[in-house]
Structures are given as structure tokens and as C-alpha cells.
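I open this notebook to record what I looked up in the structure. The entries follow the order in which I consulted it.

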Amino acid sequence: MILNTELEYKGNLFPSKIVSYKKDVDSLYFTTENNVVLQLTIQRGSVLRFRYTTTGIFEKDFSYAITKYANRGYNHLEITEDKEYYSVITSKLICKIAKSDMRISMYDALDKTVICEDELGFHWEESHEFGGDIVKMTKTSQDSESYYGLGDKPVHINLKGKRYENWVTDSYAYGKDSDPIYKAIPFYIGLHHKKAYGIFFDNTFRSYFDFCHERRNITSFWAQGGEMNYYFIYGPQMSDVVANYTDLTGRPHELPALWTLGYHQCKWSYYPESKVKEVTKKFRELKIPCDAIYLDIDYMHGFRCFTWNKEYFPNPKKMVKELADDGFKTIVIIDPGIKIDMNYDVFREGLEKDYFCKRADGPYMKGKVWPGECYFPDFTNPEVREWWSGLFKELVEDIGVKGVWNDMNEPAVMDVPGKTFPNDVRHNYEGNYCSHRKAHNIYGMQMARATYQGLKKFSYPKRPFVITRAAYSGTQRYTSTWTGDNVASWEHLTIANIQAQRMCMSGFSFVGSDIGGFAEQPNGELYARWIQLGIFHPFCRTHSSGDHGDQEPWTFDDNITNVVRKFIEIRYQLLPYLYTAFWRYANEGVPILKSLVLFDQSDTHTHYRNDEFIFGEKILACPITEPNAKGRRMFFPKGKWFNFWTDKTVKGGQEAWVDADLDSMPIFIKEGAIIPKYPIQQYVGEKKIDQVTLDVYYKKGREKSELYEDAHDGYDYKKGRFSLRYFNLVGKKDELIIQQHKSGKFITTYKTFKIKLHGMPFKISKIQVDNEEIAFEDIKVNGDNTIIISKEFTELHVIA
Ligand code: GLC
């Protein structure tokens with residue numbers, strides 16, 4: 001007789017009434033009659049963590065996302081209890097927990113308005129197939145609430161009205177609205193009534209977010225396993241939400257070497273050596289700045305990682321050195337799949353040491369990737385990561401490779417449903433053994449981490465450089481990233497713009513797209529328009545699949561080459577500005593690109609703007625994303641903006657038409673800004689910088705700007721050897737004052753600033769530097785409002 005042993009299907013289950021409460025330092029524990037425990041941790045005054053168990057017992061607390069450097073501590077904590085609620089009160093938030101059903105409501109501590117409320121709140125379904133729970137949360141969407149974040153989703157900047165999935169997926173030629181794609185960043189920002197908060201659902205299982213799609217006023221998120229474990233992060237400024245999210249999940253461990261912010265050229269693939277040299281030579285010949293050249297999979301011997309195809313590259317060390325002498329840093333691709341081949345030492349070693357992933361019943365996880373059948377290191381095992389990082393010794397230390405590009409690390413597997421490992425694959429997960437259901441979303445992150453550790457070790461005393469395709473929250477600590485296999489189409493240019501902005505507001509600013517598109521070939525116009533956008537992305541690289549022809553700056557015609565050169569030159573001039581923005585990002589978590597909503601959330605016009613964004617703090621850019629355009633309409637956030645090309649001003653808070661022929665694009669500078677510029681170089685370090693230009697844009701009123709510099713590589717800056725200049729601009733009817741405060745021990749090579757004054761409302765008749773009047777000849781005022789003065793000035797007065 002066959003017995004039906006299947007458990008009774010129970011459907012959604014809910015916490016019942018709270019029967020006990022206990023406090024342990026900064027964590028509060030609320031227990032219900034049916035054994036649900038809510039652990040509420042006060043991380044900071046504006047950051048609370050909510051963690052639930054349905055069995056009365058918590059699993060070991062472990063997260064790959066949360067950094068050990070996250071700030072903790074609060075200055076005020078009060079817990080009160082009345083008939084219906086417990087109230088947890090910090091200086092920023094009031095959190096009410098309903099005694100009857102454990103539902104949560106969050107209020108602003110200052111004005112007591114509702115920020116976010118549970119609808120059903122936490123509930124769950126038992127998972128008969130895998131054990132544990134499918135954990136769920138529903139919250140009420142507030143009036144006119146908008147939603148942002150979630151990493152690389154190629155969808156409208158405002159996520160409202162749709163459902164999204166977090167499951168890292170190889171997505172060749174994805175399109176608008178494809179979901180999920182390469183990254184899983186389960187962090188969103190809610191914005192309503194001018195106030196923003198964030199929710200980071202730190203659960204690595206396949207998870208979902210529904211923003212008023214299934215039900216009009218309900219936002220929900222759930223995961224197929226693990227714990228309901230989320231951080232509530234209050235702003236009310238969106239930029240503070242993002243900064244606090246990166247405080248939790250980390251910021252880049254070091255600043256990138258300046259050359260990594262230069263232009264990079266890539267293709268699948270440049271080989272043999274003569275082809276690589278032909279490309280790099282052409283850059284120098286045509287005087288198009290470029291800092292990095294990439295070797296895609298064909299540099300390897302039969303796609304075996306850490307080997308070379310000696311037919312194509314007979315002497316890699318010599319080639320890398322010659323490229324370096326010409327200013328090119330060589331970057332190579334490394335994928336996770338290790339070819340099954342007993343004559344291949346990396347494979348043999350991995351096998352001997354038992355470092356490859358296995359299926360539930362013991363066999364190795366075998367999957368096909370570029371080299372054919374492969375096994376895959378379990379990067380969730382710290383010992384495997386240590387081994388992996390050691391494999392970079394020869395590439396980096398001996399051959400001189402300067403960066404490593406991690407690809408296919410979703411992990412991607414060819415010719416199988418789901419394009420990845422099956423669920424039953426086992427992982428170490430730092431000793432918390434689990435299946436691929438839990439480890440999938442962080443596999444690529446841990447590979448990039450291991451790669452980063454190797455690069456960091458073997459590049460020392462220089463800084464490491466890594467790029468990854470797959471990522472989970474926190475990956476920004478180790479590496480840069482790109483948006484994967486896009487397509488050479490106008491629609492994809494629009495998508496690339498949104499994705500880069502979205503990644504920045506999701507805490508991961510070191511991002512760019514394959515300029516020109518990976519699949520298919522752009523025409524010259526599309527390529528030029530894409531370069532125009534690309535120079536404003538923190539990571540700036542042309543890459544293409546190579547199947548459909550070439551994609552170098554000179555592939556199209558001379559006109560296009562000239563446009564591309566012109567824009568890459570702007571990028572190189574703006575390097576000190578971008579580096580300063582990076583420093584702010586790495587230190588304070590301020591996104592390098594700011595969508596307009598992030599720049600000015602108080603203006604509801606910004607809530608649905610996709611195209612315009614702020615690069616750094618002061619530059620407003622808006623790409624042309626249509627063919628044959630002579631310009632476009634765009635929205636200007638509040639304030640006054642100088643046209644970068646003409647110095648004409650536009651008043652913000654409105655839409656306006658901007659001319660932009662193919663050799664131009666809409667770029668505007670915030671009034672009062674001081675923009676530092678370096679001379680054009682063919683690669684970073686080509687020239688000794690002997691003067692820095694400061695483009696000063698007049699403003700009636702005050703504006704602050706800054707300039708951060710250091711040795712642009714190495715670690716001395718961590719010992720105080722940096723140079724940080726704050727500029728305070730005050731503009732009056734007949735006077736302009738610039739004050740400078742400097743800190744840090746680094747001595748820059750240049751001695752003077754060339755100050756270019758834009759938009760001056762008066763004719764200059766007198767100039768004082770540090771309270772002394774200076775003869776015009778001494779400071780070289782040259783008729784076009786350009787002044788050359790010592791970099792050490794503390795106060796400059798320009799008087800009518
Ligand atoms: C993947 C990558 C792409 C790379 C190719 C070959 O498609 O996303 O960038 O060129 O593999 O390695």
C-alpha cells in the first residue's frame with residue numbers, strides 16, 4: 001500500500017500575537033505565540049535591521065554583503081510600550097510593532113509622518129520541496145510613491161508598476177525590460193512626500209520585488225528560501241539612503257589607479273600579438289587617448305585559464321612590457337570554468353585539493369563553457385579563494401598584466417536549461433554548507449573577490465584592477481563592472497544610460513557599458529553618440545563581439561574619428577574632476593552619477609526622468625539617443641546651467657531644446673562650479689602635469705567645489721599623502737571671491753592654476769591675491785578672463 005506522506009499544504013502563515021519581548025544590547029527580540037521571533041537591531045539612528053525566524057531559532061548570522069567596516073551606534077534609543085504597540089524610537093525614526101500581529105510601521109521621528117508601513121507584513125509559506133520557508137513581506141505603497149534601485153535592470157528608472165526578479169543570469173543580447181539579467185542587488189529606494197527610504201533585502205536566494213504590479217497599492221518582496229532579513233534605511237535624502245546602504249555593503253577598498261578611469265579598448269578578440277600592436281599603434285598615430293587594451297579568451301591555450309596561446313602570443317611578457325612602454329596597460333579575461341584536462345595543472349591541482357563544486361550526491365558539477373566540459377571552483381570556500389588568488393602570481397607579477405576581467409561568473413553554463421548550475425550543487429558558503437539555490441547569486445561576487453585578492457597582492461605597491469560581470473550587493477568593494485552583452489542599437493544606448501545611473505544609485509558606481517554595443521555593429525553615428533555617453537561613465541570601454549566587424553574609433557570615417565577623439569580628450573581633461581568624484585564615492589558613498597531624482601527629489605518633475613543625469617557634482621549631461629538628431633529636448637533641474645560649449649545660461653526647472661549636432665552633445669555646468677582640468681594626455685602619466693586649469697563659472701551667490709589628488713596609484717594616500725582643496729566661491733554684482741582651503745601632505749607636481757572665468761557679469765579692473773593687489777602682467781590676465789596664479793593662493797578677489 002502506498003501511503004500519502006505529503007505534508008498538509010498550509011498556504012500563507014502569519015505571526016500571531018507577541019507574547020514576550022527582550023532586549024540584548026542593540027537588538028530587541030519579540031516572540032509570538034506561534035514561535036515567530038523578530039530580531040530588531042538598531043544599527044544606526046537611521047538604519048534598522050529586521051530579521052525573522054518561524055521556528056524560534058535563528059540560523060547562524062552570516063552575510064557576504066555586509067562589510068565588517070559598517071558603522072554602528074546611535075545617540076538615542078527609547079523603547080516604550082502601550083496597549084497596542086511597542087515603539088522603538090531613535091533620533092531619526094519611530095518604529096511601531098503591533099502586539100496583535102507583529103506588523104511594523106515606520107515614522108519620521110521629527111515630524112511623525114508615515115514613511116513605510118507593513119500591509120500583511122512578514123508572512124511565509126513552508127517549502128515542502130526544499131525545507132525551510134518561502135519568506136514574504138508586503139508593505140503599503142504610500143500616495144504617489146516612486147521606486148528606484150535594484151542594480152542593472154534595463155527598465156525605466158522609476159520601477160513602479162512592475163515585478164522584478166533577482167537571479168544572476170547570463171543574458172546575451174538582452175533587451176529593454178529583460179529581467180533578470182547579470183546582477184542581483186536586492187536594494188530599492190522608496191520616495192514619497194519628498195522623503196526617501198531604502199530597503200535592502202539581504203537574502204541571496206532567488207528573490208522578487210513587486211512594486212504595485214500585482215496589487216495597485218502594495219509593494220512586496222519575497223525569496224524562495226533563507227530568512228526574511230532586511231535593513232530599513234531612512235534618508236530622508238535619497239543620497240543619504242544610498243550612502244548608508246554603501247556604509248552597510250561597503251565602498252571600494254581603495255581608490256582606482258587613475259589610469260583605470262582613462263579610455264579602454266576591447267574586442268573579442270584582439271589576436272595575435274601583431275593585431276594587438278596594430279591597434280595600440282593606431283591609437284598613438286591618430287592621437288586618440290587610450291590607457292588599456294584587453295585580451296579576450298583567445299589569448300589562452302584552448303581557453304584554459306592562466307595559460308597562453310604561444311602561437312598567437314609567443315612572448316607575453318615582452319609584449320606586455322612593450323605595450324606598457326607605450327602607455328598601454330594589458331588586461332586579460334579569466335572565466336570560472338576550468339577545463340577538464342589531466343594535463344592542465346590548474347585542473348589537476350583543483351581536483352587534488354578538492355576545490356571544485358559537486359552535485360548533491362557526489363559527482364562533480366560538470367558544465368560546458370568556452371573550453372568545453374569544465375569543473376568550477378567553489379569560490380564560496382575561503383581556501384579555494386586563497387588558491388585562486390595565488391594563481392595570478394605569474395600573470396601579474398611576472399608577465400605584468402595590470403587588470404583582470406572576470407566573465408561568465410553568473411556562473412554561465414552553455415546548452416542547459418536555466419543557463420547555470422542546477423539547484424542541487426553544493427557550496428561551502430564560509431562553512432554554512434548549502435545548495436546552489438542559496439549560493440548562486442553570490443558565486444560571481446566571490447570569484448571577483450578572490451581575483452581582487454590576487455591582484456591586490458601581486459600588483460602591490462600598485463592598486464589592483466578587476467572587472468566583473470556578475471554581482472550581488474557588496475561587490476563594489478572589490479571590483480568595477482560592466483553591463484554585459486548589449487546590442488548595437490539606439491534603444492540599447494538609452495538602456496546603457498539608465499543602467500549606469502541605476503547601478504550608481506544601487507551603490508555600485510564603477511560601471512560602464514560596452515560602448516557601441518557588444519552584439520552586432522553600430523554605424524558611425526551610433527558609435528559616436530555612444531562614446532559621448534561613455535565618457536561620462538565611471539568605467540569607459542569600447543567592446544564588441546567582433547562577429548560583425550570592427551569597432552575601433554577609426555572604423556567608420558574621419559568625421560567620426562574626430563568626434564570620438566574630441567570626446568575622449570574631454571574625458572582626459574576631466575580626469576581630476578572624475579577622480580575627485582570617485583574619492584567622494586569611495587569615502588562617503590556618494591554616487592558618481594546622479595539621476596535627476598537623486599539630485600533633486602523635491603522636484604516631482606525629476607521622478608520619471610530617464611535620460612539626464614549629473615556627472616560628479618556639477619556637470620549635467622544628456623546623451624542624444626536618436627539617429628539624425630540635431631539636438632534634443634531635455635529637462636534642467638533647478639538652478640542655472642552654463643552650456644559647456646557656448647557659456648550661454650539656461651534657467652532650470654523646465655524643459656528646453658538644446659542644439660547638438662553629431663560633434664556635440666548637451667553638456668551643462670552648474671553655476672558657481674569650479675571644474676579642474678588636466679592637459680590632454682595620450683595616457684595617464686604621459687605628461688608631467690605642470691598646470692591645472694580651473695574653469696570657474698560665475699554665480700551670484702555661493703558655491704563649493706573640491707579637488708582631490710594624490711599619487712594616482714599606490715597606497716601613500718592612505719597615510720595622508722593626498723591633496724584636498726576646497727574652493728569656496730562667492731559672487732557679487734561687482735566682485736568674485738574664491739577662497740581655497742587645502743589639506744593633506746601630498747605635493748602636486750604643478751605650481752600654478754590657470755583660472756578661466758566664465759560668465760563674468762562685469763569687466764575686471766582689479767585683482768587681489770591674498771589681499772594684495774596684483775599687476776595684470778604678473779598674473780597674466782590675457783584678455784579672455786584667464787588668470788594664472790600660484791596653486792597656494794588662499795583668496796582670490798576679482799573686482800569690477
Ligand atoms: C561573454 C562576455 C563578453 C566576452 C565574451 C567572450 O559574452 O560578456 O564580454 O567578450 O563572453 O569572452
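Leaving aside neighbours within four places in sequence, which residues is Lys704 in contact with? I looked this up in the model, which is predicted, and found Lys618, Phe727 and Asn728.

**Entry 1, Lys704.** I placed Lys704 in strand β44, which covers residues 701-709. I then checked its accessibility: the relative accessible area is 61%, and Lys704 counts as exposed because this value is over 50%. I also looked up a separation across the chain. Arg284 is 420 residues from Lys704 along the sequence, and 38 Å lie between the two C-alpha atoms.

I next turned to Asp26, which I located in the loop between β1 (18-24) and β2 (27-32). Is Asp26 buried or exposed? Its relative accessible area is 18%; the limit for the buried class is under 20%, so Asp26 is buried. I looked for a polar partner and noted that the side chain of Asp26 makes a polar contact with the side chain of Arg72, at 3.2 Å.

I then asked how far the polar side-chain atom of Arg469 lies from an oxygen atom of the ligand. The distance is 2.7 Å. For Asp407, a polar side-chain atom lies 2.9 Å from a ligand oxygen. For His543, I recorded 2.8 Å between a side-chain N or O atom and an oxygen atom of the ligand. As to burial, the ligand taken alone exposes 310 Å², of which the protein buries 97%.

The protein averages 97, and 98% of the residues score at least 70. Where is confidence lowest in the protein, and where is it highest? Helix α13, residues 776-779, has the lowest mean, at 71, whereas strand β19, residues 263-265, has the highest, at 99. I noted separately that pLDDT stays under 50 over residues 1-6, and that the model gives this stretch zero contacts beyond four places in sequence. Where pLDDT is low, the predicted coordinates should not be read in detail.

Methods
Residues are numbered from 1 along each chain as its sequence is written. This is a predicted model: local features need pLDDT of at least 70, side-chain atom pairs count only at pLDDT 80 or more; totals for chains, interfaces and linings use all residues. Side-chain values use heavy atoms; hydrogens and water are left out. pLDDT is the predictor's confidence in each residue, from 0 to 100. Helices (H or I, at least four residues) and strands (E, at least two) are DSSP runs, numbered from the N terminus. Contact means heavy atoms within 4.5 Å. A polar contact is a pair of N or O atoms within 3.5 Å; within protein, one must be able to donate a hydrogen and the other to accept it, and residues adjacent in sequence count only if both atoms are side-chain atoms. Accessible areas come from the Shrake-Rupley method with a 1.4 Å probe; for residues, only the protein chains shown count as cover. Buried means under 20% relative accessible area, exposed over 50%, partly exposed in between (1.4 Å probe, protein chains only).
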